[in-house]
Amino acid sequence: MELYNYIKSLHLIFVITWFAGLFYIVRLFVYHAEAKQKPQPEQDILIKQYQLMQYRLWYIITWPSAVLASIFAFWMLFFTEVGKVWLTQPWMHVKLAFVFLLYLYHLKCHQIFKQLQNNEVKHSSGFFRLWNEGATIILFAVVFLVILKNAINWIFGVVGIIAFSILLMLGYKLYKKIRENNKS
């Protein structure tokens, strides 16, 4: 059981650093897209700096954290008795579905990262601000599912996440309107 607690601790540490990387990389995407609107030479200076920051964050923190969090999760689920029991429970199936969405989110971030490294800005800063909420929603879902475990509670948790998502979208629209009004 002590080994299990070490594995669980390492898994949690790398999940936290993985999410930190995902939150920050998309924030850098926002800044990168906004830098594209700046005049020269400011634009080139900022974009070069953001590309370097993105590169280091992505390959030194985010990808290694994703891989290590996954290794420790696999270890916990398939090589411990507790994990084998969890795999039979409905809340874990829902959690794993959200983890699958997290992998898809991560891979889409990687695609965007590669585009920005090649000076291809295909999305606006507004898109990236909304995109940044994707990881937040997944984080909320996973934490509620892991903590609550009970079937009724995780259903309420998921409904709460949907309501939270709607509030985030409304909050973003309000923020955007305020920013536009302050510019004029």
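**A first look around**

Tutor: Happy to! This is a predicted model; the mean pLDDT of the protein chain is 91, with 96% of its residues at 70 or more.

Student: Which element has the lowest mean pLDDT, and which the highest?

Tutor: Helix 6, residues 151-183, has the lowest mean pLDDT at 77, while helix 2 has the highest at 97.

Student: Okay, and how many helices and strands does the chain have?

Tutor: There are six helices and zero strands. Along the sequence that reads α-α-α-α-α-α. The C-alpha atoms fill a box of roughly 60 × 35 × 20 Å along the principal axes.

Student: What share of the residues counts as buried?

Tutor: Of the 184 residues in the protein chain, 35% are buried. As for contacts with a separation of 6 or more, 80% of them come from residues 24 or more positions apart.

Student: Let's go inside, then. Which residues touch the most other members of the largest nonpolar core?

Tutor: Those are Leu22, Ile25, Val26, Phe29, Tyr105, Cys109 and Phe128, in a core of 33 residues. At least two residues of this core come from each of helix 1 (2-35), helix 2 (42-79), helix 4 (90-117) and helix 5 (125-148). Helix 1 gives the most, with eleven residues.

Student: Take Ile25 as an example. What is it in contact with, leaving aside neighbours within four places in sequence?

Tutor: Ile25 is in contact with Gln54, Leu57, Trp58 and Phe113. Apart from this core there is another one, of eight residues, including Tyr4, Met76, Leu77 and Trp91.

Student: Trp58 came up there. Where does helix 2 have its kink?

Tutor: The kink in helix 2 is centred on Trp58 and comes to about 40°. Helix 2 has 38 residues and spans 53 Å from its first C-alpha to its last, close to the 56 Å expected at 1.5 Å a residue.

Student: I also clicked on Ser65. Is that one buried or exposed?

Tutor: Ser65 is buried, with a relative accessible area of 5%. This residue is found in helix 2. Not counting residues up to four places away in sequence, Ser65 touches Phe14, Thr17 and Trp18.

Student: Changing topic: how many aromatic pairs does a search of the whole structure find?

Tutor: The search finds 17 aromatic pairs. Take Phe74 and Phe78: their ring centres are 4.6 Å apart and their planes are at 45°, so this pair is tilted.

Student: Why are those two about one helical turn apart?

Tutor: Because Phe74 and Phe78 are four residues apart in helix 2. Phe74 is partly exposed, with a relative accessible area of 46%, and Phe78 is partly exposed too, at 39%.

Student: What about Tyr105 and Trp131, what kind of pair do they form?

Tutor: Tyr105 and Trp131 form a stacked pair, with 4.7 Å from centre to centre and 15° between the planes. Tyr105 lies in helix 4 and Trp131 in helix 5, so the pair ties together parts that are 26 residues apart in sequence.

Student: And how exposed are they?

Tutor: Tyr105 is buried, with a relative accessible area of 5%, whereas Trp131 is partly exposed at 21%. Ring pairs also link Phe29, Tyr105, Phe127, Phe128 and Trp131 into a cluster.

Student: Since we're at helix 5, which of its residues are buried?

Tutor: The buried residues of helix 5 are Gly126, Phe128, Arg129, Asn132, Ala135, Thr136, Ile137, Ile138, Ala141, Val142 and Leu145. Helix 5 has 24 residues and reaches 35 Å from first C-alpha to last, close to the 34 Å expected at 1.5 Å a residue.

Student: Last topic, the backbone. Which residues does a cis peptide bond join?

Tutor: The cis peptide bond joins Gln40 and Pro41, with omega at about -5°. Pro41 is found in the loop between helix 1 and helix 2.

Student: Why would someone point that out?

Tutor: Because most peptide bonds are trans, and most residues other than glycine have a negative phi.

Key. Residues are numbered from 1 along each chain as its sequence is written. This is a predicted model: local features need pLDDT of at least 70, side-chain atom pairs count only at pLDDT 80 or more; totals for chains, interfaces and linings use all residues. Side-chain values use heavy atoms; hydrogens and water are left out. A nonpolar core is a set of buried Ala, Val, Leu, Ile, Met, Phe, Trp, Tyr and Cys residues joined through side-chain atoms within 4.5 Å. Buried means under 20% relative accessible area, exposed over 50%, partly exposed in between (1.4 Å probe, protein chains only). Contact means heavy atoms within 4.5 Å. The expected span of a helix is 1.5 Å times one less than its number of residues. The bend at a residue is the angle between axes fitted to the seven residues ending there and the seven starting there. pLDDT is the predictor's confidence in each residue, from 0 to 100. Rings of Phe, Tyr and Trp (its six-membered ring) pair if their centres lie within 6.5 Å; planes under 30 degrees apart count as stacked, over 60 as edge-to-face and the rest as tilted.
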